[in-house]
Amino acid sequence: MVAPQTLLHLTSELADCKGEATHYAWRVAQPEGSVSTFVPHAQDPNPNFEANVAGEYTFELDSFDESDNRCAPTHRFMVSVTPDSALHIELLWHTPQDPDESDEGPEAGADLDLHFTHNWPEAKTEWFDQPFDCFWFNAHPNWGSLDPSVSDDPSLDRDDTDGAGPENLNLNLSEEGISYGVMVHYWHDHGFGESLATIRVYVQGTLTYEKKAIVLKANDAWEVGSLDDQFNFTPKVDDQGEPVIIHDFEHLFGSAEE
């Protein structure tokens, strides 16, 4: 069992046909929403693979000899990816008009952002507030105790600007009497159009809330919900019980990530 964002170093050692294998083919069945790939490629004997999404990964490896015959039974194994923080939030998205959501680079995919705010009992923090909104520009704020050994500050540990996510937020200790807000902002579509956003909330490694395939357009803000100081999640809905989405969301943070 490993935590999200673990870089796996895979090896063909157990399926090398006693040294006779000349080439290989890796495959993986990933959790829904994960688009990780083998690096440098799936034919490398010992590739790396970044397991970013919580869930079960099933890897398979076929080995071939110089005559292109499979020279060993398919080698199969599983890796369980489980959040190791008290609170773990995943944002993933699927963009139907993006032909390759696993590619990387400037404007290579749609850019959605996860926001996580610190709210006092008497006041809600505004989105994009600094320092009390944890997002890509404020990924590691200091909210609670000034003692660095007290793990009561959130961290946005993955910011994906060019594809399907995930963006991952972690927090180990809550502050008494404080609530926390969760929002998804569609920063830029880079010409790929609508995206379908999914939020998953894990508490102590267990999935406690999931909302899938919320359709968002560029500059939409989906106010997902809030957590209390025990990490109990309450979704935010309108009068019809539907998710709250603010179209043409206005903020004063510019128009593009640096």
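Strands here are DSSP runs of E at least two residues long, and helices are runs of H or I of at least four, both numbered from the N terminus. With that settled, Pro166 is found in the loop between β9 and β10. The peptide bond that joins Gly165 to this Pro166 is cis, with omega about 5 degrees.

Before I go on, the ground rules. This is a predicted model, in which local features need pLDDT of at least 70, side-chain atom pairs count only at pLDDT 80 or more, and totals for chains, interfaces and linings use all residues. Residues are numbered from 1 along each chain as its sequence is written, and side-chain values use heavy atoms, with hydrogens and water left out.

There is another cis peptide bond to mention, from Val39 to Pro40, with omega near 10 degrees. Pro40 sits in the loop between β2, residues 23–29, and β3, residues 48–51. Most residues other than glycine have a negative phi, and most peptide bonds are trans.

On phi, then. Lys18 has a positive value, near 55 degrees, and is not a glycine. Lys18 belongs to the loop between β1 (6–9) and β2. It counts as exposed because its relative accessibility is 82%; exposed means over 50% relative accessible area, buried under 20%, and partly exposed in between, using a 1.4 Å probe and protein chains only. Gln204 also has a positive phi, of about 50 degrees, and lies in the loop between β12 (195–203) and β13. Gln204 is exposed too, at 61%.

Last, His118. This residue lies in strand β7, residues 111–119. Is His118 buried or exposed? His118 counts as buried, because its relative accessibility is 1%. Leaving aside neighbours within four places in sequence, His118 is in contact (heavy atoms within 4.5 Å) with several residues, including Phe132, Trp143, Glu175 and Tyr180. With Glu175 there is also a side-chain to side-chain polar contact at 3.0 Å. A polar contact is a pair of N or O atoms within 3.5 Å; within protein, one must be able to donate a hydrogen and the other to accept it, and residues adjacent in sequence count only if both atoms are side-chain atoms.
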